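I opened this notebook to record, entry by entry, what I looked up in one structure.

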Amino acid sequence: MGHNLLHYRVSQEELAEMAGEMLADGFRLAMMAAHDDGATLRVVYLFLAGWPDRRVELECVVPKSDPELQSLAYLSFAASRFEREMADLYGIRPVGHPKPRRLVRHGHWPEDWYPMRRNAAPVKEFAQSEDFPFVTVEGPGVYEIPVGPVHAGLIEPGHFRFSVAGETVLRLKARLWFVHRGLEKLFEGRAADDAVGLAERVSGDTSVGHALAHCLAVEDALGIRLSDGAHRLRALLVELERLYNHVADLGALANDVGFALANAHAQRIREKLLRLNADVTGNRLLRRAIRPGGIRLRALPDVAVLKSIAADVAEVAELTLRNAVVYDRFAGTAVLHAQDAHAMGCLGYVARASGMRTDARVEHPTIALPVTEITAAAGDVLARYTVRREEFAASTELLCHLIESHSGANEYVSVRPSRAQPGSGIGIVEGWRGTIVHRVEIGAANRITRAKIVDPSWLNWPALPVAMADTIVPDFPLANKSFNQSYAGNDL
């Protein structure tokens with residue numbers, strides 16, 4: 001489906017006024033992308049709103065000799081974090097930022113080294129790592145519990161510092177970026193039609209979501225148009241990815257309160273779905289099916305099998321919530337209030353469990369689909385569980401609709417690009433965690449000059465410490481799993 005993108009080149013004086021107008025008009029700041037253009041640095045602000053699908057870019061240039069930019073932190077919490085990221089990676093100083101301390105920058109990086117700049121040479125020797133400036137909470141009976149960054153099991157690294165009184169959490173600070181890979185830098189110079197494999201590895205459990213967002217951005221930049229049939233097959237893969245991840249979370253949440261039986265059944269069902277994925281695409285994680293300008297499936301899923309799996313999941317969920325101990329642990333735990341979720345710009349099931357309506361399938365569709373929007377109001381672990389349960393059922397219904405209404409081939413290749421010269425493009429996808437946004441700029445010889453990625457985890461991670469306020473320490477694993485944000489998707 002078509003969309004209108006408005007692009008404005010603005011001065012620093014105009015930036016705050018126009019950004020304020022966008023936010024007041026119902027837009028959200030979805031992305032801030034810095035660019036090194038050689039002599040100058042450039043920042044692109046992407047604002048999104050729907051329905052209808054509306055997209056506005058504001059572009060502001062700052063001198064490289066004195067890279068300062070007026071902070072928008074007082075207007076948007078999301079802006080405050082994007083600005084700190086740009087300060088660490090590009091050296092663009094946010095003037096007026098209330099808390100401009102480092103975010104992505106590791107303590108052992110040289111002070112004047114900005115790895116996303118063009119002239120950033122490899123560092124021969126890193127300095128000794130300095131301590132991160134955590135805020136210390138003091139008072140009678142208050143003490144700290146440090147957890148991580150190395151954890152038991154297969155969890156990715158992240159440091160959590162609890163300030164507690166007794167068992168009650170007064171403050172939680174999550175320190176991430178231990179797996180920062182310089183992923184956006186790796187896109188630079190790659191052929192526009194040969195970077196989807198890298199996009200699939202932004203966050204491994206969201207291979208389809210990131211691959212599709214990347215391809216949509218590339219196609220937008222090159223002017224490639226796909227048929228409705230291709231968009232429907234792509235939507236089918238996104239829903240399959242939602243299914244296997246949601247059922248895994250339903251089991252893991254039960255397991256975190258000692259109900260291992262439900263988790264065993266959830267893992268059994270997840271394995272069925274992974275095998276179904278392999279039948280459909282040849283890969284259990286649904287990789288290598290989507291590419292810029294096309295899609296190829298081996299087969300379509302069997303509707304009867306999907307309906308049987310959905311009934312199985314519904315029974316496991318009912319079994320879980322009928323357990324009084326499980327229900328008691330879920331209900332009222334780690335509440336994220338609606339106003340907090342909105343203020344931080346939360347996305348996906350985290351936002352929907354707190355009463356927000358947000359779904360890119362409705363707000364920024366590539367094709368019209370009969371999407372059932374799921375929301376809850378309580379904002380607790382129980383709400384995040386039930387939203388997943390209901391989304392599993394709704395996704396199954398959508399899959400069945402896509403399969404039963406499909407006609408034609410299982411492989412589509414696009415027409416030739418309609419743009420004489422490549423430019424910039426945006427891709428928006430409702431992944432299983434929430435809205436994914438990719439933006440690319442393509443230059444000479446169809447090479448990517450800049451790729452910016454925003455996984456929903458970037459916006460949802462800060463909400464976890466807010467929800468943990470006044471929650472007891474033993475409930476942290478449960479609360480953390482109910483959010484289940486991606487470390488890799490955040491630590492690009």
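**Entry 1: confidence.** I am working with a predicted model, and I therefore checked the pLDDT before anything else, with local features needing at least 70. The chain has a mean pLDDT of 93, and 98% of its residues reach 70 or more. Confidence is highest in helix 13 (residues 381-404), at a mean of 98, and lowest in strand 12 (residues 411-413), at 87.

**Entry 2: what the record lists.** UniProt, in an unreviewed entry, lists residues 10-120 as "domain: NADH:ubiquinone oxidoreductase 30kDa subunit". I looked up that span in the model and found it to be 24% helix and 32% strand, with its end C-alpha atoms 28 Å apart. UniProt also lists, again from an unreviewed entry, residues 256-406 as "domain: NADH-quinone oxidoreductase subunit D". In the model this span is 58% helix and 3% strand, and its end C-alpha atoms lie 40 Å apart.

**Entry 3: helix 6 and its partners.** Two packed helices are described by the angle between their axes and the distance between the axes. I began with helix 5 (residues 207-222) and helix 6, whose axes come within 8 Å and cross at roughly 150°. Because an angle over 145 degrees counts as roughly antiparallel, helix 5 is roughly antiparallel to helix 6. On the helix 5 side the contact is made by Ser207, Val208, Gly209, Leu212, Cys215, Leu216 and Glu219, and these meet His231, Arg234, Leu237, Val238 and Glu241 of helix 6. Sorted by class, the contact of helix 5 with helix 6 has 6 nonpolar, 3 polar and 3 charged residues.

I then turned to helix 6 (residues 228-255) and helix 16 (residues 476-483), whose axes come within 9 Å and cross at roughly 170°. Helix 6 is therefore roughly antiparallel to helix 16. Here Asp249, Ala252 and Leu253 of helix 6 meet Leu478, Lys481 and Ser482 of helix 16, and the residues of this contact divide into 3 nonpolar, 1 polar and 2 charged.

**Entry 4: Asn263.** Asn263 sits in helix 7 (residues 260-281), and with a relative accessibility of 16% it counts as buried. Leaving out residues up to four places away in sequence, I found Asn263 touching Gly251, Ala252 and Asn255.

**Entry 5: backbone geometry.** Most residues other than glycine have a negative phi, and most peptide bonds are trans. What did I find at the bond that joins Gly50 and Trp51? The peptide bond there is cis, with omega about -20°, and the bond from Trp51 to Pro52 is cis as well, with omega near 10°. Trp51 lies in the loop between strand 3 (40-49) and strand 4 (54-63), and Pro52 is found in that loop too.

For positive phi I noted Arg288, which is not a glycine and has a phi of about 70°. Arg288 lies in the loop between helix 7 and strand 10 (290-291). Is Arg288 buried or exposed? Its relative accessible area is 57%, so Arg288 is exposed. Ala334, also not a glycine, has a positive phi near 55°, but with a relative accessible area of 2% Ala334 is buried.

**Entry 6: two buried loop residues.** Ser71 lies in the loop between strand 5 (68-70) and helix 2 (77-90), and it counts as buried, at 1% relative accessibility. Which residues does Ser71 touch, not counting those up to four places away in sequence? I found Glu83, Pro94, Val95, Gly96 and His97. I also looked up Glu441, 370 residues from Ser71 along the chain, and the two C-alpha atoms are separated by 24 Å.

Arg102 is found in the loop between strand 6 (93-95) and strand 7 (142-147), and its relative accessible area of 14% makes it buried. Arg102 and Asp88 are 14 residues apart in sequence, with 6.4 Å between their C-alpha atoms.

Technical notes
Residues are numbered from 1 along each chain as its sequence is written. This is a predicted model: local features need pLDDT of at least 70, side-chain atom pairs count only at pLDDT 80 or more; totals for chains, interfaces and linings use all residues. Side-chain values use heavy atoms; hydrogens and water are left out. Axes are lines fitted to C-alpha atoms, for helices over the stretch in contact, and angles run from 0 to 180 degrees between N-to-C directions. Helices (H or I, at least four residues) and strands (E, at least two) are DSSP runs, numbered from the N terminus. Angles under 35 degrees count as roughly parallel, over 145 as roughly antiparallel, 65 to 115 as roughly perpendicular and the rest as oblique. Contact means heavy atoms within 4.5 Å. Ala, Val, Leu, Ile, Met, Phe, Trp, Tyr, Cys and Pro count as nonpolar, Asp, Glu, Lys and Arg as charged, and the others, Gly among them, as polar. Buried means under 20% relative accessible area, exposed over 50%, partly exposed in between (1.4 Å probe, protein chains only). UniProt positions are given in the numbering used here, feature names are shortened, and annotations may be inferred rather than shown by experiment. pLDDT is the predictor's confidence in each residue, from 0 to 100.
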